[in-house]
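Let's take a walk through this structure together, one piece at a time. Keep the sequence and the 3D view at hand as you read.

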Amino acid sequence: AFFKEFIPDNLREFPVYSAKLNANENPYGASPMALEALKNSAFGSNRYAWKELYQLVDKIAAFEEVTPENIMMGPGSSDLLEKTAMVLFMNGGNVISADPAYMSLIRVAEAAGGTWKPVPLKKDWSHDLEAMEKAIDSETKLIYICNPNNPTGTITDSEALLDFCSRVSEKVPVFIDEAYLWFLEDGARQSMVSLVKEGKDVIVARTFSKIHGMAGLRVGYAVAQEDTLNKLQKITRAGMGITHPSVYAAMAAMDDTEFLQKSRTLNATARNYTFSSLQEIGFEPVPSHTSFMIFPIDMEGKEFLNKMTQQKVGVRAFQFLDQKWCRVSIGTMDEMQLFIQAINKVLV
Ligand code: PLP
């Protein structure tokens with residue numbers, strides 16, 4: 001019984017939530033500088049944004065301290081996860097990842113003809129790197145690691161991960177999804193991009209959807225070896241899906257360090273409140289390093305989601321490791337208070 005997600009009855013009706021805590025979005029909006037750039041660039045919407053996209057690529061390359069040839073853009077990192085899966089698994093093979101993990105790349109790999117080799121997370125919620133390495137066989141085409149991990153919000157020690165990726169990428173490429181890395185405090189934020197600089201076959205995905213607050217604008221990128229990116233770009237014109245105003249918004253968002261810091265701080269405060277409030281009413285939330293948190297629930301997943309929707313609170317429900325879980329995104333303090341009230345009504 002591996003990873004399963006429960007879907008509420010009314011998903012397609014897009015219920016109006018008072019607290020929409022089901023998609024790990026930034027509750028503080030997009031960066032004000034990004035919004036200003038978006039407005040100012042809207043008139044350019046009749047043009048393709050090739051030139052501007054190159055400017056964004058150059059800016060990202062400078063930020064990541066790699067060359068522009070090491071960068072591939074996509075409309076959200078989903079696009080890069082999915083295209084990687086399509087290219088690598090159209091002739092079969094297996095992908096190794098943690099269970100639970102973020103399932104987007106894995107589900108596309110399966111649809112393309114590949115198989116999933118799940119390796120349960122360890123008791124401390126970190127990746128079982130030893131078991132993942134042992135799971136490699138002649139059919140393995142990719143190792144996918146989400147750090148910090150979704151849906152658990154937990155991290156794997158960066159030194160251990162650096163060592164693992166460095167060694168294992170000699171045998172098989174490693175895909176590191178760093179969508180939530182920016183939520184870690186300064187000092188704890190160790191990206192695996194350094195391995196790309198060392199020439200390792202590591203693909204790092206990053207996104208403007210989370211701490212930058214641009215989920216609706218769709219900009220993400222991958223950092224990898226030029227050869228690897230050329231393979232991935234065989235079936236795609238990278239960046240064709242990104243809109244002209246989104247390119248400008250992303251460039252501005254990169255400069256808005258004040259907004260990034262504010263988002264990180266406010267998220268940590270609301271997360272601490274959520275954690276202690278859940279504990280006070282008898283739940284056992286898993287300590288999170290991200291903008292979401294999981295805790296075990298005793299109710300059937302669909303019923304739980306429907307009841308939470310009646311309270312106008314949107315969350316997610318999963319089953320993994322023989323247990324049912326609620327995953328709640330960290331919203332504003334007001335939203336988290338609504339969430340705790342709803343949990344009190346539905347589960348306590
Ligand atoms: N990777 C992880 C771990 C995520 O949680 C998400 C979105 O929730 C994504 C990638 C994809 O996000 P986007 O396509 O908006 O960049």
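What follows goes from the domains to the helix pairs, then to the ligand and a few details of the backbone.

First, some housekeeping. Residues are numbered from 1 along each chain as its sequence is written. You're looking at a predicted model, in which local features need pLDDT of at least 70 and side-chain atom pairs count only at pLDDT 80 or more, while totals for chains, interfaces and linings use all residues.

Let's begin with the overall layout. The protein chain splits into domain 1 (4-28 + 258-346) and domain 2 (32-255), with bounds that come from an automatic or database domain assignment. Taken over C-alpha atoms, the centres of domain 1 and domain 2 are 25 Å apart. Where they meet, 21 residues of domain 1 are in contact with 20 residues of domain 2; being in contact is a matter of C-beta atoms, placed from the backbone, lying within 7 Å. On the side of domain 1 that touches domain 2, the elements giving two or more residues are α10 (257-280), β10 (292-297) and β12 (316-320). Of these, α10 supplies the largest share, five residues. Those names follow DSSP runs, numbered from the N terminus: helices are H or I with at least four residues, and strands are E with at least two. Sorted by class, that side of domain 1 has 10 nonpolar, eight polar and three charged residues. Here Ala, Val, Leu, Ile, Met, Phe, Trp, Tyr, Cys and Pro count as nonpolar, Asp, Glu, Lys and Arg as charged, and the others, Gly among them, as polar.

Now for the helices. Two packed helices are described by the angle between their axes and the distance between the axes. The axes are lines fitted to C-alpha atoms, for helices over the stretch in contact, and angles run from 0 to 180 degrees between N-to-C directions.

Find helix α9 (residues 244-255) and helix α2 (residues 50-64): they pack at about 25 degrees, with axes 9 Å apart. That makes α2 roughly parallel to α9; angles under 35 degrees count as roughly parallel, over 145 as roughly antiparallel, 65 to 115 as roughly perpendicular and the rest as oblique. From α2, the contact uses Glu52, Leu53, Gln55, Leu56, Lys59 and Phe63, and from α9 it uses His244, Val247, Tyr248, Ala250, Met251 and Met254. That gives eight nonpolar, two polar and two charged residues in the contact of α2 with α9.

Which way does α1 run against α9, roughly parallel or roughly antiparallel? Helix α1 (residues 32-41) packs on α9 at an angle of about 150 degrees, with the axes 7 Å apart, and the two are therefore roughly antiparallel. Met33, Ala34, Glu36, Ala37, Leu38 and Ser41 of α1 meet His244, Pro245, Tyr248, Ala249, Met251, Ala252, Ala253 and Asp255 of α9. This contact of α1 with α9 holds 10 nonpolar, two polar and two charged residues.

Back to α10: its axis and that of helix α12 (residues 333-346) come within 9 Å and cross at roughly 15 degrees, so α10 and α12 are roughly parallel. Ala270, Tyr273, Thr274 and Ser277 of α10 make the contact with Met333, Met336 and Ile340 of α12. By class, the contact of α10 with α12 has five nonpolar, two polar and no charged residues.

Next, the ligand. It is surrounded by 13 residues, the closest being Gly76, Ser77, Ser78, Thr207 and Ser209; a residue is near a molecule if its C-beta atom, placed from the backbone, lies within 6 Å of it. The shell around the ligand is made up of four nonpolar, eight polar and one charged residue.

Finally, look at some backbone details. A cis peptide bond links Asn147 and Pro148, with omega about -5 degrees, and Pro148 sits in the loop between β6 (140-146) and α6 (158-168). Another cis peptide bond joins Asn150 and Pro151, with omega about 15 degrees; Pro151 also lies in the loop between β6 and α6. Asn24, in the loop between β2 (19-20) and α1, has a phi near 50 degrees, a positive value in a residue other than glycine.

Definitions and conventions. Contact = placed C-beta atoms within 7 Å.
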